[in-house]
Amino acid sequence: MSKQWWKNAIVYQVYPRSYQDSNNDGIGDLPGLTQRLPYIKKLGADVIWLNPIYKSPDKDNGYDISDYRNIQDAYGTMADFDKLLASAHHQDLKILMDLVVNHTSDQHDWFQQSRQSKDNPYSDYYIWRDPVDGHEPNNWGSYFSGSAWTFEPKRGQYYLHLFAPGQPDLNWENPKVRQEIWSLMRFWLDKRVDGFRMDVINLISKPAGLPDAPQAPGAPYGNVEPLVSDGPKLNDYLREMNDEVLSHYDVMTVGEMPGSTPEDAITYTGLEANELNMVFQFQHVSLSPNADPRLGKWNDAPVKLTELKSALSRWQKALDGKGWNSLYWNNHDQPRAVSRFGNDTPAYQELSAKMLGTTLHMLQGTPYVYEGEELGETNVHYTSLDQYEDLESLNAYRQNVEEEKIIDQPTMLKYLSHMSRDNARTPMQWDDSKNAGFSKGQPWFALNPNYTKINAAAEVDDDQSVFNYYRQLIALRHSSDLIVHGTYEELDADDEQVFAYKRHYQGQTLLVISNFTDQTVTRDYDQANASEKLIGNYADDQGTTLRPYESKVYLFK
Ligand code: TEU
Ligand code: CA
């Protein structure tokens, strides 16, 4: 395996609780996933990123870990995990674990001890501060609404949680905390897992003095992200992680970095950085911020294509030859891309799913496919609050509508329907039988009703399906150094309908053209003189005529 094998890899992300239930309790589990490995292999993926499977009270669906060395009961046993890993390796599939070490669950033993007093061995494992004038130490708001501080009467102090109160932030300045994390990483790496996706890893170094954050007029709290992302000691901690752990294993690492810029990312993924292999950045999925800064991500504004192109091109150009991109449209935190960036009406759902896949998979970086994306899955189009399960959505509704009265209920329900993470967490759509073949029990979360039309059974043997189109895209990348290593050249940045770019490598050029609209347009990029057309989402080719959501790739030798 080449040293940088992850540059040629495609990663498939599995949200285990929604993937395949094997014991009919309505919750996906590890034996169920093990049964489905051949499907993932057939798609052509090389690596599986598993969302957290550790013991957890599930306040944030596993991103609140209470025991890093044991498997969540609902997902199975450690023996089930060992079987999954062995079966994956036997089928030449690698497994990335989700490393959530910016915070633990408040039910973790470390926190249970830390909260008792100021002078026990765990007192400084978390970030505790005295009240200021009887209130929270600063104006920080949580990502999940409310204050980022909760008072603990036993200590007479507040503790910091950038996310829910059940997710207290670890104190990374404490070398004992870092040693505990190196140890739990070795536990999993010694079991031969193939690497980690690292949850909000760029938030672990907090700014000295924990100063107030910028607060929009009328907003209840300060916006913490610009202040806590890419903090002062982040490179030091990542280099220590590398020296202590990662450099001793042949593994792949991807850091989730909300708020990070290309310049920051190069310091972590730079070819000589010895920190991480790549990052998940958020600039292309945080576009069209609401006109009202108090609402953050909550909006239903259509994304301007020129802004989307600018964000993606920025990262392609900045990291070219200096670092490495991860490439994604979807994950368990994002709404379904077909609904957000494409067109999920029956006439265009399939076409735009293939167009989005083409646009992303021909870029420089490692592509990630989120479960169901390969089928062209869409948002659910929720209409009422009781359909939501995710605390981020429910807390945002309560804060924005009921507490702060920033917007009215109909508007927030529209925004939730467009942006809620719940859109991505509906059970996997395997076939058109009851519960889509996900479970014979009552699913933990309602399915997207369109599973009767959009499902794996209907697509796996259909050469024209989104599934088989993704298989072709993945096969193309596996076969082409030009796609993996080629430099990036954007064409017509101001074009508001078409995203066109080129890739160049050793005298060959790839031309990628995607029409992001339901209009037929004309664009001439000299495609008439191409050596061959490699892939396209229409059966024929009308040259400079681009039909609705038409996407195609040409090779110039
Ligand atoms: O998400 C990090 C993060 O920034 C989230 O707030 C995300 O950007 C937001 O939900 C997008 O709308 C990671 C995990 O991926 C997420 O599932 C966890 O809830 C969060 O960290 C806390 O661990
Ligand atoms: Ca189950």
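The protein is divided into domain 1, covering 5-104 + 175-385 + 428-473, and domain 2, covering 484-556; these bounds come from an automatic or database domain assignment. The model is predicted, so local features need pLDDT of at least 70 and side-chain atom pairs count only at pLDDT 80 or more, while totals for chains, interfaces and linings use all residues. Residues are numbered from 1 along each chain as its sequence is written, chains are lettered from A and ligands numbered from 1 in the order in which they are written, and side-chain values use heavy atoms, with hydrogens and water left out.

I turn to the domain interface. The C-alpha centres of domain 1 and domain 2 are 28 Å apart. Contact, meaning heavy atoms within 4.5 Å, joins 29 residues of domain 1 to 32 residues of domain 2. Between them the two domains bury about 2,500 Å², with 65% of it on carbon and sulfur atoms; buried area is the accessible area (1.4 Å probe) that two parts lose on being put together, summed over both. One salt bridge is found across this interface, the criterion being a side-chain nitrogen of Lys or Arg within 4 Å of a carboxyl oxygen of Asp or Glu.

Next, the ligand. Which residues are closest to ligand 1? They are Asp-60, Asp-199, Lys-297, Asp-333 and Arg-421, from a shell of 19 residues, each with a heavy atom within 4 Å of the ligand. A polar side-chain atom of Asp-60 lies 2.5 Å from a ligand oxygen atom. For His-332, a side-chain N or O atom is 3.0 Å from an oxygen atom of ligand 1. The protein covers 96% of the 490 Å² of accessible area that ligand 1 has on its own, by the Shrake-Rupley method with a 1.4 Å probe.

Technical notes. A polar contact is a pair of N or O atoms within 3.5 Å; within protein, one must be able to donate a hydrogen and the other to accept it, and residues adjacent in sequence count only if both atoms are side-chain atoms.
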